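Have the viewer open as you read.

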Amino acid sequence: MAVALVRPNTASKMFKIFSESLALGYLSAVLRENGIETSIIDCYLEDIKLDDLIQRVLKGDYHIIGFTISNPSSLEWTAKASQLIKKEKPGVHIVIGGHTPSFDYEYILQVVPQIDSVARFEGEYILLNLARAIINKHEWRTTKGLSFRDQNKVIANELMPLISDLDELPFPQRDYLPYLIDKYPDDYSVYINRGRGCYRRCTFCSVPSFFTIPNGKIIRQRSNENLILEIEKLVTTYMVDNFTFIDDIFILPSKEGKKNTIQLAEGLKRRGLKIYFSIAERIDNLDEEVIEELISSGLIRIFVGLEAATQEILDKLDKRISKKIMEERLTWLLTKNIDIEISFINFLPFNTLKDIRENINFFSQWGLDILRSLGNRLEPYPGTSIHDALRMEGNLARNGFFYNYIRNTVDPKVDVLYNIIQPSIPFLALISHQLRTTKTLFWKKKTLLKNFDIFYNYILLLQKAIVFEVRELFLILIDYLEHHEKIDINQLRSEIYEVITAKAEKWLSFLLEIKKQIKQEVLSHDG
Amino acid sequence: MMDKIFSIKIHQTDEPFCKLPQPSEEAIIESKILIERLEEEVNNETTEKVQKDILLCHIGQ
């Protein structure tokens, strides 16, 4: 084997999402198409620990090991892995790629000498050229898009332009799909990508810079024919029917984009593809006609990043959205028989307790799952404009590969609130995760459930009951903080922790019961 | 003071759950185990690290 592509093992087992890494799927597809033997090692899915990875790498006798880095946590893991690999195999070339390294390459290359190079921005053809150079023993340092150390300096080569036509890319390799289907039949989802790029410039997001720093067309979509062909292949090869589109923008904001999406929905139906799928989209980009069409072709879930419930904060985040539009769209979306997932950033360096109260009141009014977002504190990733602004203000702290803002500069009680709830956040996230997986199980088994509407109503009622209970707790706490100057943070923290963990246990038992009943009904149907 | 405020509220907000199918013994035990496991994980790692990994799961890695 020439190349090993690795996904780091960074997540807790309890919160795992059972899907493949599309980044590795695309990278390996381009390498294999060009005759370069490549294996994928998904440490995340297989729960491969560092020592086991080293054993696999030693057995494989690779020239190149590439790590996909989607966040600082996976970078931390990769730095450790690289140190261990280089100890055993000093001649192997270690390359990393992804959002964080594309922007923070200088620091990474300086502090992790075991990492030889960083493939910046879209990596498919950078990795191909690097692999060709290394395998053929040519000079690899001239590879476009690559950064590396040259003695004490970090060199950044000229960037590769963005891939202009996504249809030219081979379909991503699906090495781990049979494993997922076999091991996690109730939980897996097939990740798929329609396009790349985003047309907005939200200050907290690194996507805009990722697709504007290199030359080329920022927003690209695959043709409907190309996309449907891939779906059809997956359905017939693996008998799968559950897809998640991972695009930042699924429907392009133009008449053409709308028409094209309606044609995609019609195409799926025409080919008789009975699939169900999720998308992520900006809420102002959701058009009723398009959504109706998508629902009729299998849309079951829309994820919308709403970020804040006050116009001032939305504007500060440069969301370019009005609260009124948000409210209107949410109201009609909730009349559709699909799952709506939202997220918002509850802790920012510039919001107030009042803003947080508004987030909680506004987003919970429909009984939407707000649990995970309640503890969501802005992480200023490199490549975001908020990262640069915080650095200028002296409000940015680096801890290894992680960045945090130091303090809320507008309302110090927001930091106090975060401090109090911090230990309880994983328990809220666990409930949110279980809610999500319960709904996914319901959708997966929907056709096998006799009384599916009763089940779904139960799930929604339970979600509402949990959300309202959490809301009450948070509002009492906020009210307490607003009316007290002397606050015993430690006492409050353990008080809240006790309450939330006790409640989480109760909520979880209800969720597990519903899951159990769905499975029982499916079994009796099969029987 | 806080104890009192929260315990009253816990009691009050329990009501909607009475209308739902009540969890079986098995589900109650399983939920206890999951919560304990998470508590252990949070104690072993820093809460901040666990939180970041959870967030990463959400965005799908």
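Two strands pair if DSSP finds at least two bridges between them. Helices (H or I, at least four residues) and strands (E, at least two) are DSSP runs, numbered from the N terminus. This is a predicted model, in which local features need pLDDT of at least 70, side-chain atom pairs count only at pLDDT 80 or more, and totals for chains, interfaces and linings use all residues. Residues are numbered from 1 along each chain as its sequence is written, with chains lettered from A and ligands numbered from 1 in the order in which they are written.

The strand pairings in chain A look like this:

β6(A) and β7(A) make a hairpin with two residues between them, and A:Gln151 in the turn has a positive phi of about 55°.

Now to the core. A nonpolar core is a set of buried Ala, Val, Leu, Ile, Met, Phe, Trp, Tyr and Cys residues joined through C-beta atoms within 7 Å. A residue is buried if 20 or more other C-beta atoms lie within 10 Å of its own, exposed if 12 or fewer, and partly exposed in between, with C-beta atoms placed from the backbone. The largest such core has 143 residues, and A:Ile65, A:Leu428 and A:Ile431 have the most contacts inside it.

Finally, A:Asn490 is part of helix α20 (residues 489-526) of chain A. A:Asn490 counts as exposed because it has 10 C-beta neighbours inside 10 Å.
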